[in-house]
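I list what I looked up, entry by entry.

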Amino acid sequence: LQRYEEALSITRETGNRADEAAILNNIALVYRGTEWSQKALELYKEALPIRREMGDRAGEATTLSNMGAVYYATGQPEKALELYKEALPISREVGDRAGEAATLTNIALVYHATGWPQETLKLYREALLIKHEVDDRAGEATILNNIAGVYDTMGQHPEALKFYKEALLITHEVGDRSGEAITLNNIAGVYDTLGQHPEALKFYEKALSIKREVGDRSGEATTLSNMALVYRSLEQPQKALQLYKEALPITRKVGNLSGEAATLHGLACLYQSLQCYSEASTTFEQAIVLSHQIPNPASEITGLIGLALLLYHYLNRAADAIVYLQQALQVFSTTGLSHSAAGETVEQVQQWLAMMCDENTSDTPTTLPYETLQLIVTTTIAAMTVSSLHRPEWHEQITNALQKAQQQGVDWQPEREFFTA
């Protein structure tokens, strides 16, 4: 970063506008994917008018796409889509087929995230034709993986397996070991969904071996976490716990915040199944904070929902659960996402929230029985009139009662108002 900034200073002194734009883009790439995403966006916005001033149409399209990627990564898919659609005709105009395919793929990613699977598949197939045309075999494999992922999300698992296995052949053919490991991991995920857990573990083990061979520590942690999920399904929680605890320090060592958040979420769910509710609550909270920091709104929503359901069903904290579901809906609203990382929809969250609010409201009148309220009123009148000597003592008891009511959550609001009066 320091060298880029030194080079930027020199290009500005010499008036080399083309190099200035290129270096601004490179510095932005350093900031992308970190908590400094906003800084990356500012740099791209600085580079864009220079690209236009120089008549660098290909560079303009690249910068627009890069800006779109930042908006997409920070949970602003609509803004990302706007920029991608601005970049696409420019790539076509200058005959940049690779750029065109990349932009089609980016648009498809946005459509997939916002719940338009058929439009997503159409764009991926268009990009796949270009990859085949320019003989980009590795790129073909990547798009085949993406197509398979859409079918997997749609619940069409045999179709997903067909495309994943086609991608696997290509990655093996071109010697793309990292791509091969990713595809093996994806295939394992489908088998896990289908309940074929031994088959899933077989593919995960193959993926894990390759990831260790190529030194992909981040990918290694992801596969370990995925294997933990399978062992959970096989009702071997201690083995799952061991794998999560092996994966977590790797994600932290390599600085993979997304991987760390996903591992924490899996670990929280495991703790919940083991009835370690306090540990589960704390771990959910850690995952939510990380997902918000990245930011990864889809994962943040999943964490908020998981924590809300835990608090409601197991820790008798309905008021806090309602707050977390409201936060999840707010993230849905601000990002335009159609589903969370785990596939939960806005409609599902609204149903859970309505159920909790209904039960919370119906429970409110029973927090203090009528007889108790009547006794408090009678004693208060007495303390204020015929038994005034006991007023300080009674005031202290009411103050203590108010403090206890304030600790109970929103369902004790009537009591808080009563004791305050």
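Entry 1, ground rules. I am working from a predicted model, in which local features need pLDDT of at least 70 and side-chain atom pairs count only at pLDDT 80 or more, while totals for chains, interfaces and linings use all residues. Residues are numbered from 1 along each chain as its sequence is written, and side-chain values use heavy atoms, with hydrogens and water left out.

I looked up Glu220 and found a relative accessible area of 6%, which makes Glu220 buried (buried is under 20% relative accessible area, exposed over 50%, partly exposed in between, with a 1.4 Å probe and protein chains only). Arg212 is partly exposed, at 41%.

Glu20 is buried at 6% relative accessibility, and Arg12 is partly exposed at 39%. Both belong to a network of salt bridges that links Arg12, Arg17, Glu20, Glu46 and Glu53.

Glu199 and Lys202 form a salt bridge, their closest N and O atoms lying 3.1 Å apart. The two sit three residues apart in helix α11 (residues 197–213), so about one helical turn separates them (helices are DSSP runs of H or I, at least four residues, and strands are runs of E, at least two, numbered from the N terminus). Glu199 is partly exposed at 25%, as is Lys202 at 40%. For the model I recorded 27 salt bridges.

Tyr151 and Phe163 are stacked because their centres are 5.6 Å apart and their planes at 10°. This pair links distant parts of the chain, with Tyr151 in helix α8 (residues 137–153) and Phe163 in helix α9 (residues 157–174), 12 residues apart. Tyr151 and Phe163 are buried.

Lys206 lies over the face of Phe203, 5.1 Å from the ring centre (the rule asks for NZ of Lys or CZ of Arg within 6 Å of the ring centre and within 35 degrees of the ring normal). Lys239 lies over the face of Tyr231, at 5.7 Å.

How values were computed:
Salt bridge = Lys/Arg side-chain N within 4 Å of Asp/Glu carboxyl O. Phe/Tyr/Trp six-rings, centres within 6.5 Å; stacked < 30°, edge-to-face > 60°.
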